[in-house]
Amino acid sequence: MKIEPLVSIVIPTRNAARALRNCLEAIKNQIYKKIEIIIVDQYSTDGTLEIIKNYNVKLFQIPHHGVYAGPTKSRNFGANKSKGKYIFSVDSDWELQPTIVQECVEKCEKDGYGAVVVHEKDIAKNFWAKCRAFEKEMFINDPYMESARFFRKDIFNKISGYDENLNSGEDWDIHYRLKQVTKVGDIKTRVLHNTWNVKFFKNMKKKFYYGTTYVKYRKKHPEWSKNQLTAFRYAYKKHWKKFVMHPFMTLAFIFYKMSEFTSAWVGIKYSKIKKLFQ
């Protein structure tokens, strides 16, 4: 008799009603059935909780803090409540294609990996979402920009999970630490990331917030971050032909990234000035 290890899928939520149903339906349709779903909700005020009632999930709630609360606490909380041999950290706007969990388990069980990167494919609707998707395609197999989301629980516990002191760069951080203690692989099938309509100014506000927390990550990974937190990323150099083939999107992309970096820079300066008056 084939023994299938339990996989604990941990999903942080905060007003995730728009995407959550698709996420949960996709998990229900996985060909690998030995799954438990753990949702850690930060007291959503939309229809998130009503959707959850229709699915077989374990629901926990933790306080919501600030304008944008990073998911590190939710992910660690869910991992601590999990019973699986494996933890799969899934975002509420992801749709897992039917074979993804099976592929991740096989990558670990058959090939001896302790963690797995699942590549993303953005499903974009408006112009700015397509601009982000244009960039995201360049990150596939980039050693600096992608991060593992599927891992053995014992290894996750060994590195003490996500760093809750980080509100930005937390995925890069755990990926870096995982690579120090285990083999990290990837699978071919890509998860669908529903970005839908990206609101320009809302995204800039988020980048400003990231800027206010950016220093912590940079201090923790000074060398690693040089290849991540820069306007001249390795991915851009590697895929220069994409820029040549899509000149209009390239111009929009340059404007968008300049706006993001400016917003983050203002956030950095704001955090430094704020410290002076504390």
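Student: In strand 8, which residue is the bridge partner of Ile87?
Tutor: That's Phe151. Keep in mind that this is a predicted model.

Student: OK, and how many bridges join strand 4 to strand 8?
Tutor: Three, and the two strands run antiparallel. Strand 8 covers residues 150-152.

Student: What's the strand order in the sheet?
Tutor: It goes 3-2-1-4-8-6-9, an open sheet of seven strands with mixed pairing.

Student: Which strands stand at the edges, and why is one side of each left without a neighbour?
Tutor: Strand 3 (58-61) and strand 9 (184-186). Each has a single partner strand, so there's no neighbour in the sheet on one side. From one strand to the next, the twist averages 25 degrees.

Student: Which strands does helix 1 touch?
Tutor: Strand 1 and strand 2, as helix 1 packs on the sheet. Its direction makes about 175 degrees with that of strand 1.

Student: And where does helix 3 lie?
Tutor: Helix 3, residues 72-81, lies across strand 1, strand 2, strand 3 and strand 4. It runs at about 150 degrees to strand 1.

Student: Switching topic: how many residues are in the largest nonpolar core?
Tutor: There are 30, and Ile11, Leu24, Phe88 and Leu96 have the most contacts inside it. Helix 4 gives the largest share of this core, five residues.

Student: What is Leu24 in contact with, leaving aside neighbours within four places in sequence?
Tutor: Ile11, Ile37, Ile39, Ile51, Tyr55 and Val57.

Terms used. Residues numbered from 1 in each chain as written. Predicted model: local features only at pLDDT ≥ 70, side-chain atom pairs only at ≥ 80, totals over all residues. Heavy atoms only, no water. Core = buried A, V, L, I, M, F, W, Y, C linked by side-chain atoms within 4.5 Å. Buried < 20%, exposed > 50% of the residue type's maximum accessible area, 1.4 Å probe, protein only. Helix = DSSP H or I, 4+ residues; strand = E, 2+ residues; numbered from the N terminus. Contact = heavy atoms within 4.5 Å. Pairing = 2+ DSSP bridges. Axes fitted to C-alpha atoms, helices over the stretch in contact; angles between N-to-C directions.
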